[in-house]
Amino acid sequence: MSHVKYKKPKRSRPGRKVYKTRKTPSSKRNTANSVIKAVLCIIGLALLVFLGYSIGAPIHKYLSEKKAGEESGVSSDMQVSETAPAVTEPEPAETTAVTEDIPEEPELDIPALSEIRAASVSLDVMSDMDALADELAAIKNEGYNAAVFTLKAKGGDIYFNIKSPFASFAQGDNIRSNLFADELASAAREAGLYPIAKINLLEDSNIYGENGYGSYKTADGEIWTDEDGISYLSPYNEDTIDYIDDISSEVSAGGFDYIIISGDRFPEFEISDYDDLGEGLAFGDRYNALVRAANIVYDNAAEHGCGVILEVSAKDIEERNAEVLHPEALDFDNLSVLYDSGDDADVSDEVGLMNVISAYLSEAPEDSDNYIVYR
């Protein structure tokens, strides 16, 4: 009988059992979650590496440059500034400036005061164009280059055909010419002369209307007159201001190169008049009323390209009675100093930096360069 070799059956290690299990859907989900977690870990690790390099590289560069700078004796601040690129300020964006629309004053195409050699036109030819032309020709032949037309004289008479309705209120015929202002100016230009107008503002003894529009009035409403019975226009009265506005606007629009302002002054009041009239006449700042009247003339003149000259007597300047002469308050700086016959008053210290032209009642001195003569 043959022997059959016995093979001992294989078995697992003692104490360990191996079980085969089937994969369920839940186990598949666990596997997917594991994969996602692994991917997220890889992404997170990549971000950490990137951030670490971004932060660490500049620090490493700074420490390296600092160490190199200390070794070479150069400060770290200088080392950085040498290696860092230049920083330039960005150019400002173009902006459109917003400005107020302020009208510019017209440039005056008029003669300088230093060029004027003027003679006044006789009042008795102001209503006759032929007689006026003859006199203007004579003025030109005598060596003058300008003619002065007295359009409103001391006392209130008017020597042009005025359009202002205020003038019609005068009691009596105070309009002495039928020629308009522009006709007078044109006649002077045709004769080769600069036309200059002269208006007296306040030395006006006309009674305008039954109530005396513009006049000084007492506390009981009566028209005030001086000891000679002469009335004056008050710069405190708005009717007076309206009249000055009208006449200066009309004259400056007539084409004159200059307007001479005369008679911008107060009458000589008695002490008792100050209490009776009021109106601030006793106060030191009353000159403001005179300056206001003069500046109204300037405003109208400048609008029409016309210059303005304030006329004050040398006597009033010397005796400090020229109250309107406040250069810091006037809007213009042209001044005509009127000298009486034989008057040699020194007024140079009183006129400040104003542009001065001399005026004479008879004839100019031989050494005069620029002047106005009232013949």
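This is a predicted model: local features need pLDDT of at least 70, side-chain atom pairs count only at pLDDT 80 or more; totals for chains, interfaces and linings use all residues.

1. The relative accessible area of Tyr-374 is 10%, and under 20% counts as buried, so Tyr-374 is a buried residue. You will find Tyr-374 in the segment that comes after β8 (371–373).

2. Which residues is Tyr-374 in contact with, leaving aside its neighbours within four places in sequence? They are Ser-120, Val-148, Lys-198, Ile-260, Glu-311, Leu-338, Ala-359, Tyr-360, Leu-361 and Ser-362. With Lys-198 there is also a polar contact of 3.4 Å between the side chains. Glu-363 is eleven residues from Tyr-374 in sequence, and their C-alpha atoms are 7.6 Å apart in space.

3. Next, have a look at helix α4 (residues 181–190). Its buried residues are Ala-181, Leu-184, Ala-185, Ala-187 and Ala-188. Why do these sit on the same side of α4? Because they cover an arc of only 155° around the axis.

4. The largest nonpolar core has 79 residues, and Phe-149 and Leu-151 touch the most other members. Helix α7 (residues 287–303) gives the most to this core, contributing ten residues. A separate core of 15 residues lies apart from it, and includes Ile-116, Val-148, Ile-196 and Ala-359. In soluble globular proteins, nonpolar side chains tend to be buried together.

5. Phe-149 is worth a click of its own. Beyond its neighbours within four places in sequence, Phe-149 is in contact with Val-121, Met-126, Leu-132, Leu-136, Leu-184, Ala-188, Pro-195, Ile-196, Ala-197, Lys-198 and Phe-256. Two of these, Leu-184 and Ala-188, are among the buried residues of α4.

6. Finally, the largest pocket, which has a volume of about 1200 Å³. Which residues lie nearest its centre? Of the 45 lining residues, they are Lys-154, Glu-203, Gly-263, Arg-265 and Asp-316. At least two lining residues come from each of β2, β3, α6 (271–277), β5 (307–313) and α8 (314–318). The element that gives the most to this lining is β5, with three residues.

Technical notes. Residues are numbered from 1 along each chain as its sequence is written. Side-chain values use heavy atoms; hydrogens and water are left out. Buried means under 20% relative accessible area, exposed over 50%, partly exposed in between (1.4 Å probe, protein chains only). Helices (H or I, at least four residues) and strands (E, at least two) are DSSP runs, numbered from the N terminus. The arc is that of the directions from the helix axis to the C-beta atoms. Contact means heavy atoms within 4.5 Å. A polar contact is a pair of N or O atoms within 3.5 Å; within protein, one must be able to donate a hydrogen and the other to accept it, and residues adjacent in sequence count only if both atoms are side-chain atoms. A nonpolar core is a set of buried Ala, Val, Leu, Ile, Met, Phe, Trp, Tyr and Cys residues joined through side-chain atoms within 4.5 Å. On a 1 Å grid over the protein atoms alone, a cavity is a set of points where a 1.4 Å probe fits but cannot get out, and a pocket is an open set with protein on both sides within 12 Å along at least five of seven lines; lining residues have an atom within 4 Å of a point. Grid points are joined across faces, edges and corners, and a volume is the space filled by probe spheres set on the points.
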